[in-house]
Amino acid sequence: MKVAVMTDSTAYIPADVREKHGIHMVPLSVVFEDESFREELDITTEGFYQKMKESKNLPKTSQPSVGDVAKKFEELSKEYDAVISVHLSSGISGTYQAVVSAGEMVEDIEVHPYDSEISCMAQGFYALEAAELAKAGKTPEEIIKRLDEMKRSVRAYFMVDDLTNLQRGGRLSSTQAMVGGLLQIKPVLHFVDKVIVPFEKIRTRKKAINRIMGLLEEEAAKGHDLRVVFIHGNDKDSAAELEKEFLEKYPDMDTSISYFGPVIGTHVGQGALGVCWHVK
């Protein structure tokens, strides 16, 4: 059985890496006023942050249509028997459900939608793992079993400079955002049951980042072989500094730097920083 792997643009896997691993992608979009831009195809991450700075209103985000996803599956059916389709958390986007619906519309390919229950490069980890397993000839069932095993060790923590965008976009409750704003705190956030919730309320950006790095180092100190990614919202220097500090203590760890692209950047804003890892 020939198995394809697909994800959406919010995994933020660079195009050359997707091509190398044979990963297919459907884009989500950001909408400024009445103008829609497909992530990666119509707008770059740098262009997005510049546009957001100049825009009076917060852009909106939109998922791919069921029809567009079904069309992609039909294209894949010409070459593949099945597809593992890995997507951002169903708790913050309707993309996963759109993929489920599209999968029911196509007949010539087995569709296995996979809810990563997370986003960004943490989601990308699942797609990359699935691609390696598909290349090794594993069945869809074997691949999903491995992704479920990974899920038990995936951790992601992040902080944002301003909770307003998350609250206005409906990704964080008004009460949590209001409390954060009033106390001028920089909460450490994470995903629980597919949605974003505060992990700890911390008063300063520096302390929030130190707390996240402390959580990572606690895990690394257990002797696990980790895959780690440092994620930034248009602030690569800060992410690179965190990676450098971590590698000075754990030089053999597999690390990389990624970013919050347009769709997720709409909600977390410029200056957001996150760290994600899983046990290999």
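Strands 8 and 9 pair antiparallel, over 2 bridges. Pairing needs at least two DSSP bridges between two strands. Strands here are DSSP E runs of at least two residues, helices are H or I runs of at least four, and both are numbered from the N terminus. Across this pair, Met159 stands opposite Val188 in strand 9.

Before I go on, the ground rules. This is a predicted model: local features need pLDDT of at least 70, side-chain atom pairs count only at pLDDT 80 or more, and totals for chains, interfaces and linings use all residues. Residues are numbered from 1 along each chain as its sequence is written, and side-chain values use heavy atoms, with hydrogens and water left out.

Now the sheet around that pair. It is open, has 6 strands and runs 10-9-8-13-11-12, with mixed pairing. Strand 10 and strand 12 (254-259) are the edges, each pairing on one side only. The twist averages 25° from one strand to the next. Angles come from lines fitted to C-alpha atoms, for helices over the stretch in contact, and run from 0 to 180 degrees between N-to-C directions. Helix 10 packs on this sheet and touches strands 11, 12 and 13; its direction makes about 170° with that of strand 12. Contact is heavy atoms within 4.5 Å.

Next, helix 9, residues 205-220. Which of its residues are buried? Ala208, Ile209, Ile212, Met213, Leu215, Leu216, Glu219 and Ala220. Buried is under 20% relative accessible area, exposed is over 50%, partly exposed is in between, with a 1.4 Å probe and protein chains only. The buried residues pack against strands 8, 9, 10, 11 and 13, and against helix 10.

Last, strand 6, residues 82-87. Why call it largely enclosed by the rest of the structure? Because 6 of its 6 residues are buried. Ala82, Ile84 and Val86 cover one side; Val83, Ser85 and His87 are on the other. Strand 1 (residues 3-8) runs parallel to strand 6, joined by 5 bridges, and Thr7 has Val86 as its bridge partner. Strand 7 (residues 110-115) also pairs parallel with strand 6, over 6 bridges. There, Ile84 partners His112.
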